[in-house]
Structure formats: structure tokens, C-alpha cells
Amino acid sequence: MPFMITLNEPYTKQLKQGAVNSIPSKHDLVAEFLVEHSAHFNGLTMADLTFQNEFRDKQIAHWSHLRYKQHFQGIEVFGGDLKIKFNHNNHITSLNGVLLNPKEISSVNTEPRINEAEAIESTLKLVSLLHPESRSWSVEPRGLFIYKQGLTGETNEGSLHLVYKLVVQSSHPMTLGYEVFIDAHSGDIVSHMSTVRHALHRQIQGFDWQSGSLETVWDEVSDPKNVTDFGSENLLLASKTVYTIFNNLIDYNSWDNKGKLIKTACSKLINKYCKAQ
């Protein structure tokens, strides 16, 4: 389950032993923190993590974050994420993320019994059932993952799987796509979710003052052509920017963090620039 730990006092033990001003020394501090609090993290060590990136806090100057992904035998745990926040002195102030118990992961057989081509075939069968109308699909394999159902939700009771992750995209409309997880042992579909970057659904509506009704003059799904009107372009950019902020600021991939469609609408006065509603 997701966790958040805020320290009453910044963690500085490693800093007392020597100055810490670089990314490697921050790694050392994180490693020492995990060892010192091993019971809380079920024996998790730096050997179970892969460094992803460092980014600066946009709200507090000189504060930063390190991000790690959990893995087992070189295979990433889907959703397994650890973020550590440092203050201006490079002291650890908080940690948050979603992690699996390393002992639990050790039960996973990391040798797949089906190949990537078979996983692609299962994925195409799935989207054909979801959308029986004639479509052209492209499938991009993203490799093997360890996947636990319910890991990032309110429960941690789901079963563990070795899966192939595949991203499938429709050629029309471009806003339709899925992330699909195929069990690498049985070939069964473990899960599938809409890719929100493709599910972002924007509309422009014109208001008829005489009838008092709204008319949809552009729809991203049914009419995905580029909008050339200056005011409309600004509105579309604004709605996309709001989504991006929402996604980056709180690390949600949708309004419920479960791939739920994000739909934005704005009104347009006939022959005048759009304004947000």
C-alpha cells in the first residue's frame, strides 16, 4: 500500500561522518537510512532499488528529491516506487512510495513460459473484443514486470504475476489506447487500463444565445483534426497544461489515479475568441 513518512527531525547521521553534497553521497545516506530502519522496510536494501532520477523542488528553493524503482532479479516491480525528499542541507526529511516485501517477491518465477509475440497476440485479441468495430492497432512491448494486483490501490491483497507490459494504440481515434498486462506464464490477461495521455478528451462548444443551447463544434475523439482558431488553440493548450500539472504535481495518472477518463469542456462565443468556462 502507498506510504508516507515525515521525519520529526531531518536524518543527518551520514552527514555527521562526512560532508554530503553530491548525488552519490545522497545515495549513501539513503542506504544507511534503509539499513537503520530495516524492520520498517521489511529488509529492503539499495540492492533492491534502481536509481531513476533527481529533481529539484519547484516550490522550495534548494530542496530536492531522489526517486528509485524497486526490482527483483533485474525485473522492475510495476508501481514499486520510493521517493526521498532532501532539504537545503541535503538531509532526508520525508519518504513516500509503494513497495513490496522483498521476501514476498522472492516467490516469483522470473522465467517466462510464453514469448513476447504470444503476448502481443493476446493483446490484439483483447482490444478486438473491447472495440469490435474495424480499427488498426499498433502494439509496443515494454518488457517484463513483476505485477501485483491492488499494489497502488487501497489494498495489498492481490496476487503476484510475472507479466509482459504492452502499450496498444489505435490509429483512429488517436485518443484511444491501453496498457495491457499479460501473465508471462499462463498467457492470461492480468489487467488492462486506459492510457490517460490518449484518453484526454477535450471539447469546444458554441453557445447559441437565441436557443440558449450549447453546440459541440469540436471533439478530440470524433474529430481529432488540429484546431486553427487562435482562441480555441489557447483553450486546448490550457486544458492540456492543467492535466500536466495535475499529473506532475501529485503524480496521479488521472483524477482517480486508476486511468479514469479526464474530460475538459469550454464554451465558445460564435465568431469570438474562446474563454474558459
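K69 and D81 form a salt bridge, with their closest N and O atoms 3.8 Å apart. A salt bridge here is a side-chain nitrogen of Lys or Arg within 4 Å of a carboxyl oxygen of Asp or Glu. By this rule the count comes to seven. This is a predicted model: local features need pLDDT of at least 70, side-chain atom pairs count only at pLDDT 80 or more, and totals for chains, interfaces and linings use all residues. Residues are numbered from 1 along each chain as its sequence is written, and side-chain values use heavy atoms, leaving out hydrogens and water.

- Helices (H or I, at least four residues) and strands (E, at least two) are DSSP runs, numbered from the N terminus.
- K69 is buried at 14% relative accessibility.
- D81 is buried too, at 8%.
- Buried means under 20% relative accessible area, exposed over 50%, and partly exposed in between (1.4 Å probe, protein chains only).
- A network of salt bridges links R67, K69 and D81.

**Strands β7 and β8**
- K165 and E179 form a salt bridge at 3.5 Å, N to O.
- This pair also links distant parts of the chain: K165 is in strand β7 (residues 160-170), E179 in strand β8 (residues 177-183), 14 residues apart.
- Both K165 and E179 are buried.

**Helix α4**
- E121 pairs with K125 in a salt bridge, the closest N and O atoms being 3.7 Å apart.
- About one helical turn separates E121 and K125, because they are four residues apart in helix α4 (residues 116-130).
- E121 is partly exposed at 45% relative accessibility, whereas K125 is exposed at 52%.
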